[in-house]
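Opening the notebook on a new model today. I want to go through the chains one by one and then look at where they touch.

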Amino acid sequence: MAVTERDPARDARPLSWIERIPGRYWLIGAALLVMPVFASDFVLFQIFGWTFILGIIALSLMFLGGYGGMVSLAQMTVAGLAGYMVAIFGESAISAISLNWPWYIAIPLALAIAVLFGTLTGWLAVRTDGIYTIMITLAIAAAFFYFVRQNYVMFNGFSGFNGVLPPDLFGVDWRGPKAFYYLTLFWAVICYLAVLYISRAPFGLALQGVRDNQRRMSALGYNATAHRVAAYAFAAVLAGIGGILLTWQSAQVSPGTAGIGPAIDVLVIAVIGGMRHPVGAFIGAFVYVILKTFALDALVAVGLAGERFQLLIGLGFLVIVFWSPDGILGLWDRWRESRGKDPLLDRGGEGP
Amino acid sequence: MRAFADRHPFWSLVILVLAAVLLWMIFAIWPDWLEDLIGRKKVFLNALFNGITLGGLYFLVASGFTLIFGLMRNVNLAHGSLYLLGGYLGYVTADVTGYWLLAFPVSFILVGAFGILLQIFVFRRMEGQDLRQTLVTIGISIVMADLMLWIWGGDFYNISPPEWLSGPMSTFFVTGAKSSGELVYMKYPMVRIVIFAASVVVGVGMWLLLNRTRIGMLIRAGVDDRDMLSATGARIQLVFVAVFAFGAGLAGVAGVVGGTFQSIAPGEDVRFLLASLVVVIVGGMGSIQGAALGALIIGMAEQFGSVYFPTYAVVLTFLIMVAVLAFRPQGLMGRN
Amino acid sequence: MTEAATVSDRLSATGTANALELRGVSKLFGALAALEDIDLTVRPGERRAVLGSNGAGKTTLFNCVTGDFLPTRGTIRFFGEDISAFPPHERIRRGLRRTYQISLLFTGLSVLDNVYLACVGVSRSRFSFLRPRRDDALVASAEDLVHVVHLDDARDTRVANLSYGQQRQLEIAMALAGAPRFILFDEPAAGLSPTERRELVEILNGLPDHMGYIIIEHDMDVALRVAESVTMMHNGRIFKQGKPAEIEQDPEVQALYLGGGHG
């Protein structure tokens with residue numbers, strides 16, 4: 001894992017990067033690539049598209065929480081703001097407000113504003129320590145929700161924007177199920193790899209150092225506050241990408257997109273999946289989307305009202321927090337460990 | 001107070017001048033130019049009174065929150081749910097028995113008991129894990145919100161105060177003068193004044209409890225330095241349970257008050273959770289005086305905001321919060 | 001900007017200014033004075049031992065110099081520059097380093113990664129989003145430092161699996177990262193075996209001549225072998241300063257400190 005580590009085998013004959021990727025990555029990668037061949041449009045667009053998008057937003061929280069030790073509830077707000085900005089600078093059905101600028105200006109501008117907002121949020125949140133972060137970011141999320149709901153000049157108030165569509169690039173309709181699947185998959189993979197890579201780069205290492213022992217990091221010359229704020233800025237890039245994709249998926253953005261409920265949902269996703277590794281964000285998102293899509297039918301089938309979905313999510317969340325603080329990833333690790341203790345197999349829990 | 005004046009002579013002067021202006025605005029008969037500028041005095045006085053009484057309600061909710069936070073470092077994000085539960089229980093009690101006053105002790109005891117269960121079965125099992133405790137409270141609030149929706153549905157409930165409290169009350173505040181020279185006095189709902197007085201009594205009571213009793217000293221010592229509390233050999237678990245029960249009970253009582261002032265419905269839990277968060281951030285975490293000051297500021301900001309700049313009333317509240325965070329991150333009355 | 005300032009300070013400061021200059025430094029914790037009116041001057045390249053019983057204020061002195069907490073009164077100059085109000089990381093970036101009495105290491109990382117973090121901390125790649133290449137200069141200097149403290153064999157070991165003595169050596173390697181100008185060693189020999197002690201003395205004596213330090217040490221033998229001057233502290237005050245030989249012969253010192261347990 002370690003950056004500076006050098007195992008003797010690699011020194012002798014450097015492995016090419018292809019050989020260093022574990023086998024299961026190839027398997028999952030191949031499955032995801034050929035998915036559109038056999039999966040229905042609904043599965044591609046609703047299940048996987050949504051999973052990847054929520055996964056990206058939860059990933060931004062995982063980066064802050066897992067590597068930085070800062071649990072921010074404002075990541076959905078950053079995502080929502082990016083969505084709003086795309087609607088305002090680009091095209092939407094609300095022609096009185098939308099500026100209809102070309103996508104290559106609107107999208108970077110939207111991301112830049114989201115990053116600015118995320119950085120400011122971080123700057124406010126890191127002024128106090130640890131557990132206060134969750135309170136402050138929740139309050140900021142709520143403020144954003146109420147503000148956009150009441151502001152009609154820029155944010156079109158209660159109804160927000162509809163008809164926000166992805167640009168017609170290369171003559172492809174990017175909201176078509178297959179195209180949208182690949183679009184979201186592409187960005188999910190990019191974001192996932194970026195987080196994985198940065199976690200072992202100096203910035204990511206230092207962030208984890210600040211999480212574990214801020215005082216020690218200061219004594220090594222690091223400015224802990226600056227590192228934390230920078231982490232918020234990077235997380236805002238991820239959340240912004242997720243927010244733009246989310247807006248395109250539903251073709252609309254409204255105050256409800258970035259309300260308190262969705263803000264909490266992102267936390268639920270990240271915690272259910274597990275905050276120790278970036279893949280947890282996507283596992284959590286997948287579980288959440290499956291539940292949200294099928295729980296209604298399942299609940300009705302067992303004789304309960306479909307609205308009890310929230311109860312299910314809440315109880316599931318409680319169970320995870322109670323028994324496996326590292327989420328589903330933690331359960332997985334424990335299972336492997338218990339398997340590894342099998343005396344007949346006689347091998348450690350370490351996988352390939 | 002004296003120390004503050006010595007350290008910040010300029011700000012003391014500003015506060016003094018503002019207080020004088022406010023007093024004048026409350027007691028004087030407004031000249032025409034002022035009415036032209038910001039509207040009628042009656043509107044102003046009403047906003048002021050509503051702000052103060054709303055502040056009283058916020059104080060009831062937030063003081064429990066801040067006490068629990070200060071002592072146990074537990075950001076109880078289910079606090080709003082406790083408020084809502086108290087409101088529903090109070091409604092049922094008042095509805096079934098017909099006694100409005102009975103709603104208060106019933107809510108206090110039941111919600112307080114629920115708080116005890118939470119403390120013993122949930123928080124004690126993950127002591128010292130701040131983040132995990134907070135996550136659990138989120139889960140609890142999601143579950144509670146849905147259970148309450150299941151039981152009581154999405155309707156608005158209003159707890160009606162008894163006859164002798166429901167009318168308006170004449171006050172000695174002058175709102176203006178008729179052309180005949182006769183003075184017009186302000187009328188204000190009796191129940192709001194009574195409830196505000198009650199929350200002042202609760203506040204003063206808490207202050208006395210914390211500052212004049214042994215258990216209060218223990219709690220304050222625990223807020224300042226939690227290691228010390230366990231070092232004194234105090235039965236710390238008992239103190240934790242008591243404080244959690246009391247804080248939860250207060251939220252329950254506040255629910256009854258809120259149900260009488262306004263109404264209770266799904267979503268009010270989040271609203272009052274946020275109000276508590278903002279009040280505590282502005283006032284200073286773990287400080288009862290801070291909660292009182294913060295509640296007053298936020299209550300006033302909301303009411304004056306909704307009268308004088310209706311579109312951005314809520315945003316005003318959060319602007320205050322951001323300003324406090326930027327310049328005094330520990331809160332107005334908080335310590336470093 | 002800071003880097004540039006550091007360089008110019010270094011040019012103007014070297015030779016003329018003292019490495020460390022404390023004037024009237026006091027630190028109060030409530031009513032308790034942990035440090036009282038400390039005046040201390042250390043020349044560039046000088047090696048100073050600070051001795052004193054527990055609670056004499058030695059570690060508090062270090063904490064004030066590195067900015068872990070701010071002194072209640074007094075000024076601290078580092079190579080001529082007033083650093084009294086600087087946050088810790090700004091002082092570190094000017095060439096000041098320290099080790100901790102209780103090891104504060106990143107136990108989940110390897111030895112080399114710990115040293116690498118220390119090297120990055122005083123470089124410009126603190127915020128780099130790029131992983132180091134094979135021939136990265138910082139990795140190379142981290143490897144050198146691991147060699148300097150004799151930890152080559154444990155280079156890729158997780159810190160949690162190191163022996164106590166090895167952890168102390170690692171602390172020293174981290175303090176040496178990025179060409180420091182002055183180092184504060186907080187009891188580096190505490191808890192070490194005689195062999196490890198000899199190794200420590202060897203490492204300290206092998207440091208380049210221009211690298212001055214202050215070392216807190218209980219063991220007089222170690223202190224006298226690695227320091228050319230001695231400062232005695234007692235109850236938050238400086239009590240005696242001088243050459244090791246003078247201090248050792250001083251009757252007051254002998255009565256107070258060397259009376260028991262010498263050897």
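Predicted model: local features only at pLDDT ≥ 70, side-chain atom pairs only at ≥ 80, totals over all residues.

**Entry 1, chain C overall.** I looked up the secondary structure of chain C and got 10 helices and 10 strands. The radius of gyration is 18 Å, close to the 18 Å from the globule rule for 263 residues, so chain C is as compact as a globular protein of that length. Its C-alpha trace spans about 60 × 45 × 35 Å along the principal axes. I also checked burial, and 43% of the 263 residues in chain C are buried. Of the contacts in chain C with a separation of 6 or more, 67% are between residues 24 or more positions apart.

**Entry 2, a sheet in chain C.** In what order do the four strands of the open sheet run? I read S2-S1-S4-S5 in chain C, with antiparallel pairing. Strand S2 (32-42) and strand S5 (81-82) of chain C are at the edges with a single partner strand each, so each has one side without a neighbour in the sheet. Next I followed strand S1 (residues 20-29) of chain C: seven bridges join it to S2(C), and the two run antiparallel. One bridge I looked up pairs C:Phe29 with C:Leu32 in S2(C). Then I turned to helix H2 (residues 58-66) of chain C, which lies across S1, S2 and strand S4 (73-78) of chain C, at about 65 degrees to S2(C).

I find 30 residues of chain A in contact with 30 residues of chain B. Which elements give two or more residues to the chain A side? They are H7, helix H12 (260-273) and helix H14 (309-323) of chain A. H7(A) gives the most, 10 residues. The chain A side facing chain B divides into 23 nonpolar, five polar and two charged.

Helix H7 (residues 132-150) of chain A has 19 residues and reaches 27 Å from first C-alpha to last, close to the 27 Å expected at 1.5 Å a residue. H7(A) is mostly covered, with 15 of its 19 residues buried.

Definitions and conventions. Residues numbered from 1 in each chain as written. Chains lettered and ligands numbered in written order. Expected span 1.5 Å × (residues − 1). Buried ≥ 20, exposed ≤ 12 C-beta atoms within 10 Å, placed from the backbone. Pairing = 2+ DSSP bridges. Contact = placed C-beta atoms within 7 Å. Axes fitted to C-alpha atoms, helices over the stretch in contact; angles between N-to-C directions. Nonpolar A, V, L, I, M, F, W, Y, C, P; charged D, E, K, R; others polar. Rg over C-alpha atoms; globule rule 2.2 N^0.38 Å.
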